[in-house]
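Subject: Structure handover

Hello,

My notes on what was found follow directly after it.

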Amino acid sequence: MVKISPSVLISDFLNLAQDIKKLEAAGVDMLHLDVMDGIFVPNISFGVPVIKSIKEHTKLPLDIHLMIDRPHRYVEDFAKYADILGFHYEAGSDNVALLKKIRELGCKSCITIKPCTPAESIFDLLPLCDMVLVMSVEPGFGGQKFMPSALDKLTALKNECNSRGLNIDIEVDGGINKETAPLAVKAGANVLVAGNYIFSAEDMAARVKEIKSL
Ligand code: DX5
Ligand code: ZN
């Protein structure tokens with residue numbers, strides 16, 4: 001069964017609590033929280049205080065996508081509220097040490113790759129991961145077009161997990177809509193992030209159900 005992780009990046013943050021209630025009612029599986037530092041990506045979003053408040057308002061698992069430079073400096077702060085804590089392969093930390101540390105802190109670990117990073121780069125890290133995240137847009141902004149080059153990477157990761165006997169969630173993030181979601185699932189993804197496609201809908205619950213049924 002495909003899991004949906006809506007990105008709240010384009011929510012009106014003054015109405016975030018109501019949006020989260022709607023997403024809960026719609027049966028989403030987790031919330032995708034995009035943390036951007038203005039250095040690793042050319043945009044700034046939100047950080048620990050906002051995530052702390054979200055955690056206090058929902059029982060949904062929090063899927064935190066760190067788009068920050070040298071993420072090892074901050075994982076302890078985010079781990080207090082994360083269920084799944086992910087960071088970028090390209091962000092300048094010791095990836096092996098950081099994946100281990102995230103698990104030691106009691107979270108599920110996730111490594112994320114940008115569109116320019118080959119899937120093979122993270123093959124040897126798979127035993128340390130509970131989830132991997134393939135970006136299907138350049139990280140930094142919602143509302144971009146899905147890059148089809150992500151599809152082969154999803155398949156390569158799925159095959160590698162199978163051949164190693166690893167049961168790891170494979171998440172895809174960026175440009176997911178009713179056309180791209182089925183392609184991503186067919187290629188190997190089982191967790192779909194969706195931001196604009198859900199938040200631009202008049203009826204968010206109907207939109208979530210639509211993606212789940214594709
Ligand atoms: C981009 C973020 C995504 C993004 C998804 O850097 O990681 O999570 O907000 O938004 P859509 O679904 O609109 O591409
Ligand atoms: Zn994201």
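Ligand 1 sits in the largest pocket. Please keep in mind that this is a predicted model.

The surroundings of the ligand come first. In total, 20 residues surround ligand 1, and the closest are Asp 34, Gly 140, Asp 173, Gly 195 and Asn 196. By type, the residues of this shell divide into eight nonpolar, 10 polar and two charged. Strand E2 (31-36), strand E3 (62-67) and strand E8 (191-194) are the elements that give two or more residues to the shell around ligand 1. Of these, E2 gives the most, with three residues.

Several side chains have polar atoms beside oxygen atoms of the ligand. For Asp 34, a polar side-chain atom lies 2.8 Å from an oxygen atom of ligand 1. Asn 196 likewise has a polar side-chain atom 2.8 Å from a ligand oxygen atom. In the side chain of His 65, an N or O atom is 3.2 Å from an oxygen atom of ligand 1. Taken alone, ligand 1 exposes 380 Å², and the protein buries 98% of that.

The other item concerns aromatic rings. Searching the whole structure gives one aromatic pair. The partners are Phe 13 and Phe 46; their ring centres are 5.5 Å apart and their planes stand at 75 degrees, so the pair counts as edge-to-face. Phe 13 belongs to the loop between strand E1 (3-6) and helix H1 (16-25), while Phe 46 belongs to the loop between E2 and helix H2 (48-57), so the pair ties together parts that are 33 residues apart in sequence.

Regards

Notes. Residues numbered from 1 in each chain as written. Chains lettered and ligands numbered in written order. Predicted model: local features only at pLDDT ≥ 70, side-chain atom pairs only at ≥ 80, totals over all residues. Heavy atoms only, no water. Near = heavy atom within 4 Å. Polar contact = N/O pair within 3.5 Å; in protein donor to acceptor, adjacent residues only side chain to side chain. Areas by Shrake-Rupley, 256 points an atom, 1.4 Å probe, with all protein chains shown as cover. 1 Å grid on protein atoms, 1.4 Å probe; cavity = no way out; pocket = protein on both sides within 12 Å on 5 of 7 lines; lining within 4 Å. Sits in = over half its atoms within 2 Å of the grid points. Helix = DSSP H or I, 4+ residues; strand = E, 2+ residues; numbered from the N terminus. Nonpolar A, V, L, I, M, F, W, Y, C, P; charged D, E, K, R; others polar. Phe/Tyr/Trp six-rings, centres within 6.5 Å; stacked < 30°, edge-to-face > 60°.
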